[in-house]
Amino acid sequence: MKVTFVAADGASTLVEADEGESLMQAAISNDVDGILGECGGSMMCATCHCYVDEAWAGRAGPPVDGEDDMLECATAERRATSRLSCQIRMSAGIDGIVIHLPETQV
Ligand code: FES
């Protein structure tokens, strides 16, 4: 399955992700700049903040329990499509998803 990460400067990177893998893990294992994931995916850091592309927002779904509060701690501006990429798991329903990265995570 595939994910496209689009950096704040517009550069995009297409990576492979396995079923069940989080988008944060997919970004880290493919050296995508712009996702830090300092807490390893336990929803404690907000350095995996991302913006789901508008066209995919419905399929990615809303923030899970507790994610909303952590998004308030994100450094970059929060938008309607903000999610923690560690809480989005790859599945057939979001194969091909496009994720925009904030300018900064710290
Ligand atoms: S990796 Fe820390 S909140 Fe997502």
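## Ground rules

Strands here are DSSP runs of E at least two residues long, just as helices are runs of H or I of at least four, and both are numbered from the N terminus. Two strands count as paired if DSSP finds at least two bridges between them. The model is a predicted one, so to speak of a local feature takes pLDDT of at least 70 and to count a side-chain atom pair takes pLDDT 80 or more, while totals for chains, interfaces and linings use all residues. Residue numbers start from 1 along each chain as its sequence is written.

What order do the five strands take in the open sheet? They line up as 2-1-5-3-4, with mixed pairing. Strand 2 (12-16) and strand 4 (82-84) sit at the edges with a single partner strand each, so one side of each has no neighbour in the sheet. From one strand to the next the twist averages 35° (axes are lines fitted to C-alpha atoms, and angles between N-to-C directions run from 0 to 180 degrees).

## Strand 1 and its partners

Strand 1 (residues 2-6) pairs with strand 2 in the antiparallel sense, over five bridges. Valine 3 has valine 15 of strand 2 as its bridge partner, and phenylalanine 5 stands opposite threonine 13, also in strand 2. The two strands make a hairpin with five residues between them. In its turn, glycine 10 has a positive phi of about 95°.

With strand 5 (residues 97-100), strand 1 runs parallel, and four bridges join the two. Here threonine 4 has valine 98 of strand 5 as its bridge partner.
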